[in-house]
Amino acid sequence: MTIRSVSALLVAGVFGVLTLPLSSRLFASEEPTSETAVRQTVLKSLPYIERQGLYWIEKKKCVSCHRVSFMTWSLSAAARRGFDVDLARVNEWIDWSIEQGIPKPEGDKPAATKNADGLSQQLISRDEYPSVEHRAEVWRRYVDLILAEQRADGSWKPAGQLPGQKRKLDETTDVSAVWHSLALTRELASENDSARKEKLLSTIDAATKSFSARKEAASTEWYVVRLLLAVATDDESAVDATTKELLALQKSDGSWGWLKSDPGDALATGMALYALEKSTAASTSTDAAVRSAIKFLVETQRDDGSWAVKGTKEKKKASIEETAVYWGTTWAAIGLLETLPVAE
């Protein structure tokens, strides 16, 4: 097990110097959530995230668009913020994901990837990963695979369980295109080859045209990913506009629902918290919203470290569903971790 001494730390509440205030934004409220409480909440979630993610590797042998990449993302982010995580094992799981994610040659014709969404998720989260030199070429290969999978209209075919979600397929397709655009935009910063950079820019441009007509969406995820893309492209007017749109969807208890019409859950709330933290690190304009979101997540965690989330698939939308619980728990942890300082 990679999360060591969990019970002892939770009982004792011992975090040493890591119990300092979260930030000035949490102390602008009369009753802010302490950093200790946030750390205890994250710490409690990590064994669940590891256990259920490892089950997916060992039993399902599938990278999945909701599972293993979010396990490695959340555990790596926790390690960067001072949590006791076994990074050697996390690195093994990242390498396993890479092995599964890159298609093998079939004769003279390379096999097409079936999970472009999973590739983009790892590109987006790799800033949290332990720095490993041998993966530099892997990330370039990921980019090539994503570029190759773009369709003529600028979109990508949503992978895995995504097409069966409880929103219209065209919205899922648009959301996937924005996630891919975000991943590729971040890759631009480290790309030195001019021809390759032009290819990235043209791909992002085509993708933007494919989703730019959408003004309304049923899911909170659409507003989250549009905000993240606006931040990544330094589009200040878009950041302001999409921040307002996302804040308008927050419910009175501090949560967001995966669908705008849904009751609040950890999945959408974790996503929204992550996006707001990425966009307002130097601002106090969303203090109350951030405080409320943190409070909601801290107070609604279940005894096993997870959060109850109803299914995001149309066929399972009426009941708490394990895949949605896992996805929501990792997003809750990622969102909360984004509020914590990176350890030196």
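A residue is called buried when its relative accessible area is under 20%, exposed when over 50%, and partly exposed in between (1.4 Å probe, protein chains only). By this rule Ser155, with a relative accessible area of 3%, is buried. The model described here is predicted, so that local features need pLDDT of at least 70 and side-chain atom pairs count only at pLDDT 80 or more, while totals for chains, interfaces and linings use all residues. Residues are numbered from 1 along each chain as its sequence is written, and side-chain values use heavy atoms, with hydrogens and water left out.

To begin with the whole protein, 55% of its 344 residues count as buried. Its secondary structure comes to 13 helices and two strands; helices (H or I, at least four residues) and strands (E, at least two) are DSSP runs, numbered from the N terminus. Contact means heavy atoms within 4.5 Å. Among contacts between residues at least 6 apart in sequence, 70% join residues at least 24 apart.

In sequence Asn115 is 45 residues from Gly160, yet their C-alpha atoms are 6.7 Å apart in space.

Two packed helices are described by the angle between their axes and the distance between the axes. Here axes are lines fitted to C-alpha atoms, for helices over the stretch in contact, and angles run from 0 to 180 degrees between N-to-C directions. The axes of helix 5 and helix 7 (residues 169–188) come within 9 Å and cross at roughly 40°. The two helices are therefore oblique to each other; angles under 35 degrees count as roughly parallel, over 145 as roughly antiparallel, 65 to 115 as roughly perpendicular and the rest as oblique. Helix 5 contributes Ala116, Asp117, Ser120, Leu123 and Ile124 to the contact, and helix 7 contributes Ser176, Trp179, His180, Leu182, Ala183, Arg186 and Glu187. Sorted by class, these residues are six nonpolar, three polar and three charged. In this scheme Ala, Val, Leu, Ile, Met, Phe, Trp, Tyr, Cys and Pro are nonpolar, Asp, Glu, Lys and Arg are charged, and the others, Gly among them, are polar.

A second pair is formed by helix 10 (236–248) and helix 11 (residues 266–279), which pack at about 150° with axes 11 Å apart. Helix 10 and helix 11 are therefore roughly antiparallel to each other. Val239, Thr243, Leu246 and Leu247 of helix 10 meet Ala272, Ala275, Leu276 and Ser279 of helix 11. This contact has six nonpolar, two polar and no charged residues.

Two loop residues complete the picture. Ser155 sits in the loop between helix 6 (136–149) and helix 7. Leaving aside neighbours within four places in sequence, Ser155 touches Glu149, Gln150, Thr173 and Ser210. Asp234 belongs to the loop between helix 9 (220–232) and helix 10, and counts as exposed at 66% relative accessibility. Most residues other than glycine have a negative phi. Asp234, although not a glycine, has a positive phi of about 55°.
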